[in-house]
Amino acid sequence: MRSSLTSFLRPVLAACVVAGLIPAGAGWPLAQAQSADAAVEPVDRVIAVVNNEVITARELDAEVAMVRQRAGPGLPEPAELEDRVLERIIIDRAQMQAARERGIVVNEFQIDRALERIAAENNLTAAQMRDRLRGDGLSMAQFREDIRGQITKARLREAVVESQVQVSDADINAWLAEQEGKKKQAVQLQVAQLLLQVSESASAEVLAQKQQLANDLLERLRQGADFKTLVAEYSDAPNAAANGGELGWRTLEQLPRLFADAVRSLRDGEIAPVVRSPAGLHLLKVVGRRGEPDQLDKPIQQTQVRHILIRPSASLSEDEIRRRLESIRERVLAGNVSFEAMAKQYSVDGSAANGGALGWVYAGDTVPEFERAMDALQPGQISAPIRTQFGFHLIEVLDRREDAASPERQRQAARRALFESRSDAAWGEWLDELRARTYVEKRFEQ
């Protein structure tokens with residue numbers, strides 16, 4: 001792939017290649033025999049079997065070549081690099097197989113919405129994004145499959161964590177009591193991690209090798225190596241290459257305790273000493289910090305909103321829905337009809353009987369597409385037609401207010417914080433179990 005690969009695509013495509021989602025040799029034309037004298041294309045061979053799926057030598061070679069091109073000097077020996085890349089492909093295949101077994105399916109509509117968000121976040125039209133992809137040697141079809149894989153693995157993680165992480169009322173009571181006692185300032189940190197997985201049952205020799213690698217990487221980082229580049233090459237954390245290893249904005253209480261203790265006193269840009277956990281060895285970097293003292297009883301913004309929802313059907317196309325909603329919007333703005341009356345007449349949502357009223361909603365109460373459109377409106381404004389997983393909406397914001405967090409909201413916040421702090425460890429343990437029960441046959445000797 002060209003060195004001019006755009007910044008917004010690089011991490012996603014890196015994850016795509018390392019994960020094995022882009023077909024091997026994509027964009028590399030194969031020689032075709034034109035005559036009896038033409039060179040014969042060598043037959044590809046199976047390099048590994050993962051349950052009932054194969055990984056080919058050509059696929060592995062292409063991905064190793066991309067890693068070399070992207071990383072430059074300082075890579076492991078060829079055999080070690082091949083084995084590391086192969087292991088990542090194996091874990092990825094096992095995740096995709098587990099997702100299929102659980103019935104996780106990502107449909108075309110969900111991919112369309114993800115592509116729209118990517119384009120919007122990078123100020124690109126759909127045509128401009130397609131041109132960028134084409135210029136970097138990647139088709140839209142390949143990119144869509146990468147997005148499908150990333151969403152699938154994210155859904156798998158959600159399903160696994162939901163089933164394994166339990167937060168009891170006693171846990172919440174203890175957490176709230178701790179917060180009240182500490183009165184801590186909830187400054188949020190953006191922490192990035194590079195994970196070298198090491199099983200708790202690993203031999204002393206394996207642990208020593210991993211520890212030496214972690215120490216070497218730490219030294220390279222402290223000498224100025226790019227954290228995201230090393231994450232893309234070495235990290236065993238799921239989807240690490242796609243997000244540079246970043247864990248998202250979290251308070252210290254929302255981070256695993258080992259992580260919080262390691263980064264508590266670090267300044268922005270600093271790297272913590274190597275941290276050992278049941279999942280392996282972690283290199284942690286404080287990317288940034290934000291926020292002010294976080295009090296659970298601080299005011300929370302609410303929005304009073306109503307909407308009209310129309311769903312596509314065999315007799316009603318998306319274009320027809322858009323035209324109908326645009327017409328309704330123009331008539332309401334002109335004062336010819338009321339929003340309430342149009343909601344009762346056209347909306348298929350359960351709120352139609354109440355004129356589309358959803359009442360006072362908090363952040364997170366609606367799907368992201370709806371919330372983004374709602375937050376962009378001032379009281380009295382009506383949105384253009386907005387597409388979500390439920391259909392097409394017209395949204396009207398009626399009013400906004402700040403409301404003191406109720407005891408129930410405080411408990412919800414506590415539950416979320418505890419859940420997030422336990423999720424990473426649960427996912428890492430599950431991945432270890434998945435790898436252990438996956439049938440893998442490596443065929444380097446063939």
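Reader: I'd like to begin with a hairpin: which strands does a hairpin join, and through how many residues?

Author: Happy to start there. A hairpin joins S5 to S6 through 2 residues. Please keep in mind that this is a predicted model.

Reader: Thanks! How many bridges join S5 to S6, and which residue stands opposite Val275?

Author: The general idea comes first: strands of a sheet pair through backbone hydrogen bonds, either parallel or antiparallel. Here, S5 and S6 run antiparallel and are joined by 3 bridges. Opposite Val275 you will find His282 in S6.

Reader: What is the order of the strands in the sheet that holds them?

Author: The order is S4-S3-S6-S5, an open sheet of 4 strands with antiparallel pairing. Strand S4 (246-250) and strand S5 (275-277) are at the edges with a single partner strand each, so one side of each has no neighbour in the sheet. From one strand to the next, the twist averages 35°.

Reader: How many bridges do the other pairs have, S3 with S6 and S3 with S4?

Author: S3 and S6 pair over 10 bridges in the antiparallel sense. In that pair, Leu189 has Arg289 of S6 as its bridge partner. Strand S3 (residues 188-197) is also joined to S4, by 3 bridges, and these two run antiparallel as well. There, Ala192 is opposite Glu246 in S4.

Reader: Which helix packs on the sheet, and which strands does that helix touch?

Author: Helix H9 (residues 227-234) packs on the sheet and touches S3, S4 and strand S6 (280-290). The direction of H9 makes about 35° with that of S3.

Reader: Let's move to the core. Which residues of the largest nonpolar core touch the most other members?

Author: A general idea again: in soluble globular proteins, nonpolar side chains tend to be buried together. In this model, the largest nonpolar core has 16 residues, and Leu194, Leu196, Leu217, Phe227 and Tyr234 touch the most other members. At least two residues of this core come from each of S3, helix H8 (204-222), H9 and S6. H8 gives the most, with 5 residues.

Reader: If I click on Leu194, what is in contact with that residue beyond its neighbours within four places in sequence?

Author: Setting those neighbours aside, Leu194 is in contact with Leu217, Phe227, Leu230, Val231, Tyr234, Ser235, Leu281, His282 and Leu283.

Reader: What is the strand order in the sheet that contains S1?

Author: That open sheet has 3 strands in the order S2-S1-S11, and the pairing is antiparallel. Strand S2 (53-56) and strand S11 (440-442) are its edge strands, each pairing on one side only. Its twist averages 20° from one strand to the next. Strand S1 (residues 46-50) pairs with S2 over 4 bridges in the antiparallel sense, and Val46 has Thr56 in S2 as its bridge partner.

Reader: Which helix packs on the sheet here?

Author: H3 does, touching S1, S2 and S11, with a direction that makes about 155° with that of S2.

Reader: How should I read H3 against H15: at what angle do their axes cross?

Author: Two packed helices are described by the angle between their axes and the distance between the axes. The axes of helix H3 (residues 78-101) and helix H15 (residues 407-437) come within 10 Å and cross at roughly 95°. H3 and H15 are therefore roughly perpendicular to each other. On the H3 side, the contact is made by Glu87, Ile90, Ile91, Ala94, Gln95 and Ala98; on the H15 side, by Trp427, Trp430, Leu431, Leu434 and Arg435. Sorted by class, this contact has 8 nonpolar, 1 polar and 2 charged residues.

Reader: One more residue: is Arg306 buried or exposed?

Author: Arg306 lies in strand S7 (residues 299-310). Buried means under 20% relative accessible area, so at 18% relative accessibility Arg306 counts as buried. Apart from neighbours within four places in sequence, its contacts include Phe339, Glu340, Leu358 and Ile395. Arg306 and Ile395 are 89 residues apart along the chain, while their C-alpha atoms are separated by 6.0 Å.

Reader: And for the chain as a whole, how many helices and strands are there?

Author: The chain comes to 15 helices and 11 strands. Of its 446 residues, 43% count as buried. Among contacts between residues at least 6 apart in sequence, 73% join residues at least 24 apart.

Note on methods
Residues are numbered from 1 along each chain as its sequence is written. This is a predicted model: local features need pLDDT of at least 70, side-chain atom pairs count only at pLDDT 80 or more; totals for chains, interfaces and linings use all residues. Side-chain values use heavy atoms; hydrogens and water are left out. Axes are lines fitted to C-alpha atoms, for helices over the stretch in contact, and angles run from 0 to 180 degrees between N-to-C directions. Angles under 35 degrees count as roughly parallel, over 145 as roughly antiparallel, 65 to 115 as roughly perpendicular and the rest as oblique. Contact means heavy atoms within 4.5 Å. Ala, Val, Leu, Ile, Met, Phe, Trp, Tyr, Cys and Pro count as nonpolar, Asp, Glu, Lys and Arg as charged, and the others, Gly among them, as polar. Two strands pair if DSSP finds at least two bridges between them. A nonpolar core is a set of buried Ala, Val, Leu, Ile, Met, Phe, Trp, Tyr and Cys residues joined through side-chain atoms within 4.5 Å. Buried means under 20% relative accessible area, exposed over 50%, partly exposed in between (1.4 Å probe, protein chains only).
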